[in-house]
Structure formats: C-alpha cells, structure tokens
Amino acid sequence: MKALEQQQEQSDDRLEQKAKLSYPEEIIEEIFSRLPVKSILRFRSLSKPWLSIISGPRFTKLQITRATRTALFISARDRSNGDRHLFSGSLDGGSVTHLMTIGTSYSAEDTEAEHLNGRHRWYYAGGSVCVNSTVHLMLRAPLEILAFDLRTEKFCVFKIPSDAVPQDTLHPCTRFIKINGLLSIVSHDRVEESNEMHIWILQDYEKRVWVKETIRFPGSWIKMGRPFPLDSGNTDEIMFSPSVLSEDLFEVPIYDMKSRCFKSIQLTLDRQFVWPEAVELEEIKCYVESLIPLQNQQNDTCLRF
C-alpha cells in the first residue's frame, strides 16, 4: 500500500513538474482565458501551479476581458405549487441544468419610495432594467420611465416616445428590454392586426434620442404563441418568449436584427415535475460566464452560475 502511495505521489510530482516546464505562465494564462469557465474550473485540480494561476486575481481580470461565451439564465414557474425554478442553458439549445428552487416572489403595483429627497408615490406598471448604473422602472398613469442613478442616488422621470404609447393606457402592453447594452422599449399594441412589433432603442441616453426597430413575424403572431422579446443574447440577436412543444420541450424564437430573420433553439428541462403541463418559462436572460463569485457575506460561500 505504501509503495502504491509513493508511486501516486511521484506521478503527481511529475505532472506538476511538466506543468511548470511545459509553457511560460503568460502563455498558459492566454490559453486558459479563452476556455469555457467550467473547463477552467476543472483544470484547477490538475496541478498546483495551474491552481495558483487560475485562482490569482490577475487571471480573473484577464478572463473577464476575454469572456465572450453567453449563456442563458432561465426562470420557470410551477403553477401547481407556486415554486419557481432557476436553470442555466446554452444559446445552442439542448438540455438545461437545474440550479435551485425558490418560493413565490411578490411585487406590488402601488410602490412607495422613500429617499433623501423626500417621500414619493408612483404607480408601478411592472418591469425594470439596469443600464449605465441606472435602474429604470416603467410607471403608469401616466406611462413614463422612472430612473434611479445608483452613482448619484438621484431620481428622474422622463417620457417614452409618443408613438410607443399604447392605445390601451389602462392595461399597457409596454415593457423594457436591453439591446446591445442600450435601454429599449417594446410595445405589443395591435400586433394581432399588423403582425408587426415595434422596439424603440435609446441610442443617445443624454439627449433622449430613440430609434425605432420594426420586427415582422414570418407567420401569424397568434399561431406562433404570441411571442414577446425577453432579452438580447448576442450583439444583434433578440430572444423571444418560448412556445411549448411537449411536456418538457420548449422552442425559443431568436430574431437577428442584421438579417431581419428568425431562427429558433429548443430547450429541454433537466428536471422531473409532478405536473409538467403546469410549468411555464417566465424569463430568459443572457449572461457572460465569469470566474467572479457571488459572495455570501454571512458564511463567505461562493456561488457560481
């Protein structure tokens, strides 16, 4: 037994020695920084020198600058019990990975905010997005945008484009989406009649310059399941709400703003549900893989998605 342990230790030492002598540290960093995060994390256990490189703050910063792999963060609600399930998936489609299950969240439409400037009352229409370190909320009565700058801790309210205001102001079908890092507004008003959907993109934030993008659906919007934009995956791609193909199979339409064409990916839920037909996908967001952990300050536990 001791002989086997000695052989294993010698083998590990040889691997570490090879890792030290194979390539300069800068070359190893360059190679690792271009790999998927899951592969990088696996390589930490290959040798102590590689663990030291990958765990260092310099490599973490380098990996962020090279991070181009976009993944999907998916929220699904089980209507049978109210539980919400979080998944991660690939932009190429396929089976998704279950991350965690959380209880039902609550949000009130009548929102009261207290701040240094005093107490204000707004009527919150739902939906929010953070752009340029500023949180934006959609208000109703009237339909406007409430912006809170996290840097200056100041509120401001500004109007949406006049042609983006829906005809039914009591039940507005207007919501936020972030495209290429820019604040955008999408309206579902009268899509059934025109088979077109309009998106207003705030190209110049300071001057409030909006640019209108018109999306034409290849088929009937109703027969497609009434899809609406959820998030911008890659630079010029917009993901739409999925349609159900079977109990655990969903199809996600993706619109390319350059080619002005649709494509789709299929996602399979990697989890067994008591009533699969009661599960609906609520949100699909994109994120870039990173080595930066989410820190739990109470027990200093790292969560990586």
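I looked up the open sheet first: four strands in the order 10-11-12-13, with antiparallel pairing. I took strands as DSSP runs of E of at least two residues, numbered from the N terminus. Two strands pair if DSSP finds at least two bridges between them.

I then checked the edges. Strand 10 (174–179) and strand 13 (209–216) each have a single partner strand, so one side of each is left without a neighbour in the sheet. Neighbouring strands here are turned by 30 degrees against each other on average, direction ignored. For that angle, axes are lines fitted to C-alpha atoms, and angles run from 0 to 180 degrees between N-to-C directions.

I noted that the model is predicted: local features need pLDDT of at least 70, side-chain atom pairs count only at pLDDT 80 or more, and totals for chains, interfaces and linings use all residues. Residues are numbered from 1 along each chain as its sequence is written, and side-chain values use heavy atoms, with hydrogens and water left out.

Next I followed strand 12 (residues 196–204). Eight bridges pair strand 12 with strand 13, in the antiparallel sense. I found Ile 201 opposite Val 211 in strand 13.

I moved to strand 2 (residues 84–90). Six of its seven residues are buried, so strand 2 is largely enclosed by the rest of the structure. Buried means under 20% relative accessible area (1.4 Å probe, protein chains only).

Which partners does strand 2 have? Strand 1 (residues 70–78) pairs with strand 2 over seven antiparallel bridges. Ala 71 faces Ser 90 there. Their hairpin has five residues between the strands, and Gly 82 takes a positive phi near 85 degrees. Strand 4 (residues 97–102) runs antiparallel to strand 2, joined by five bridges. I saw Leu 86 opposite Met 100 in strand 4.

Terms used:
Buried means under 20% relative accessible area, exposed over 50%, partly exposed in between (1.4 Å probe, protein chains only).
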